[in-house]
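The sequence and the structure come first.

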Amino acid sequence: MGGPAPVERVVRGRRVALPGGLGPASIHVTAGRIAAVAGYDEVPAGADLVEAGDALVFPGLVDTHVHLNEPGRSEWEGFASGTRAAAAGGTTTLVDMPLNSVPATTTVAALEAKRDAARDRCAVDVGFLGGAVPGNTPQLGPLHEAGVLGFKAFLCPSGVEEFGHVGEGELREALEALAPLDTVLMAHCELPEALADPVGDPRRHATWVASRPVAAETRAVELLVRLARETGARAHVVHASAPETLDLVAIARGRGVRISAETCPHYLTFSAEEVPDGATEYKCAPPIRDAATREALWARLRAGRAHAVVTDHSPSPPELKRKETGDFLAAWGGIASLQLRLPAVWTEARARGHRAEDLVEWLCAGPARLVGLEGRKGVIAPGADADLVLWHPEREFDLRPDDLRHRHRLTPWMGRRLAGTVEATYLRGEIAFRAGAPDPTPRGRLLLRTTS
């Protein structure tokens with residue numbers, strides 16, 4: 001009988017993010033998986049040795065909220081450009097949202113069209129969500145069987161006509177269909193009836209913020225909590241902008257409701273007071289709120305009330321962001337940050353006394369757990385994919401347009417000084433990005449719920 005497969009590569013460092021904390025270790029890679037995590041000096045003969053030096057070694061980041069917009073709106077982003085940006089930022093797994101592509105991923109046929117558009121073009125691994133929209137409840141089971149990692153619904157208009165929003169009855173129907181499948185429904189939580197008509201100068205961010213009050217978010221969360229409790233389904237609140245949302249989720253979880261929540265780097269970085277007139281690159285929904293809200297979100301994150309920090313990367317061409325007019329009300333509502341999540345979050349976390357290893361739960365393990373990839377992604381442990389990022393938390397840089405690999409380089413972080421530079425990203429033990437080197441051939445896989 002043959003013995004274990006030989007170790008092909010060893011990545012070792014003095015600061016490796018292990019489940020128990022940072023420490024010296026060697027990571028043994030065989031056939032794209034982590035075969036063992038051993039002592040620093042345990043390097044099998046014949047293995048290719050990668051020395052991390054003074055870099056911190058993290059699991060590859062997992063981003064479960066990304067709009068790549070292909071097929072149909074590839075001029076907004078696309079699988080090739082988006083996944084290259086992800087790799088450059090240390091993200092090795094992302095989950096693509098079901099809307100902004102045409103067709104939207106609300107049928108199995110649409111899912112196959114999206115997979116065809118992505119195949120052989122991805123620099124990192126990509127999974128997909130299905131959409132829950134009015135009238136497609138019979139499609140949810142087939143989409144689940146076809147391998148989507150979860151579902152997405154809007155409780156208010158989505159901004160694109162091909163992805164309708166659900167009312168209470170339709171949301172209940174979807175949750176009842178998904179409950180026996182034990183898959184998650186991610187919901188954009190703002191109630192249309194709680195939104196306000198905009199009043200004031202459309203070039204002022206304050207005009208936009210006033211039209212999307214916190215109550216619109218919290219009332220939608222209360223509805224989602226109630227229906228999740230009544231149906232027993234798994235639910236998740238995307239892009240929480242307010243601490244009240246995270247408190248509602250925490251209370252519900254304490255009562256046994258299967259619900260979780262995420263927030264985003266832009267809510268943890270910016271404040272409404274600092275947004276200049278006409279700076280539509282800051283527009284998103286729910287909106288960026290005031291500095292007190294930002295600090296309260298950090299307090300909730302510190303307390304474990306947010307279960308992931310993901311980007312909600314939702315770019316568009318500059319003309320749709322209304323950069324010429326600076327009209328917040330007419331501009332597309334989405335923020336580009338796929339490549340920037342690690343330095344953006346670390347810059348703010350460091351300023352508030354967090355340790356680098358605190359980011360592992362928020363950026364890696366938490367998102368992986370949300371979509372059923374725990375144990376395989378977002379962790380450095382035997383049996384996991386050998387997805388790794390080597391980065392330098394002490395190094396700072398001023399963000400310039402040429403740094404970004406997004407299709408469009410319009411982002412509110414432009415010109416900011418950030419901490420944390422990525423040296424190299426490994427996907428299943430092979431280079432997906434190395435600073436200063438040409439991009440390798442795309443090796444990303446399309447993930448299925450049942451992928452082994």
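At what angle do helix 6 and helix 7 pack, and how many Å apart are their axes? Helix 6 (residues 214-231) and helix 7 pack at an angle of about 15°, and their axes are 9 Å apart. Axes here are lines fitted to C-alpha atoms, for helices over the stretch in contact, and angles run from 0 to 180 degrees between N-to-C directions. Helix 6 is therefore roughly parallel to helix 7; angles under 35 degrees count as roughly parallel, over 145 as roughly antiparallel, 65 to 115 as roughly perpendicular and the rest as oblique.

The model is a predicted one, in which local features need pLDDT of at least 70 and side-chain atom pairs count only at pLDDT 80 or more, while totals for chains, interfaces and linings use all residues. Residues are numbered from 1 along each chain as its sequence is written, and side-chain values use heavy atoms, with hydrogens and water left out. Helices (H or I, at least four residues) and strands (E, at least two) are DSSP runs numbered from the N terminus.

Five strands form an open sheet in the order 9-10-11-12-13, with parallel pairing. Two strands pair if DSSP finds at least two bridges between them. Strand 9 (130-131) and strand 13 stand at the edges with a single partner strand each, so one side of each has no neighbour in the sheet.

| Strands | Bridges | Opposite residues |
|---|---|---|
| Strand 9 and strand 10 (residues 151-154) | two | Gly 131 and Lys 152 |
| Strand 11 (residues 184-188) and strand 12 (residues 234-237) | four | Leu 185 and Ala 235 |

From strand 12 the chain passes through helix 7 (residues 243-254) to strand 13, a right-handed β-α-β crossover (with the strands pointing away from the viewer, the path from the first strand over the helix to the second runs clockwise).

**Helix packing**

Helix 7, the helix of that crossover, also packs with helix 9 (residues 291-302), at an angle of about 25° and with the axes 8 Å apart. Helix 7 is therefore roughly parallel to helix 9. Pro 243, Leu 246 and Asp 247 of helix 7 make this contact with Thr 293, Ala 296, Leu 297 and Arg 300 of helix 9; contact means heavy atoms within 4.5 Å. By class, the residues are four nonpolar, one polar and two charged.

Toward helix 6, the residues of helix 7 in contact are Glu 244, Thr 245, Leu 248, Val 249 and Ala 252. Helix 6 contributes Val 214, Glu 217, Thr 218, Val 221, Glu 222 and Val 225. This contact has six nonpolar, two polar and three charged residues.

Helix 6 also meets helix 4 (residues 168-178): their axes come within 10 Å and cross at roughly 40°. Helix 4 is therefore oblique to helix 6. On the helix 4 side the contact holds Glu 168, Leu 171, Arg 172, Leu 175 and Glu 176. Those of helix 6 include Leu 223, Leu 224, Arg 226 and Leu 227. The residues of this contact divide into six nonpolar, one polar and five charged. In these classes, Ala, Val, Leu, Ile, Met, Phe, Trp, Tyr, Cys and Pro count as nonpolar, Asp, Glu, Lys and Arg as charged, and the others, Gly among them, as polar.
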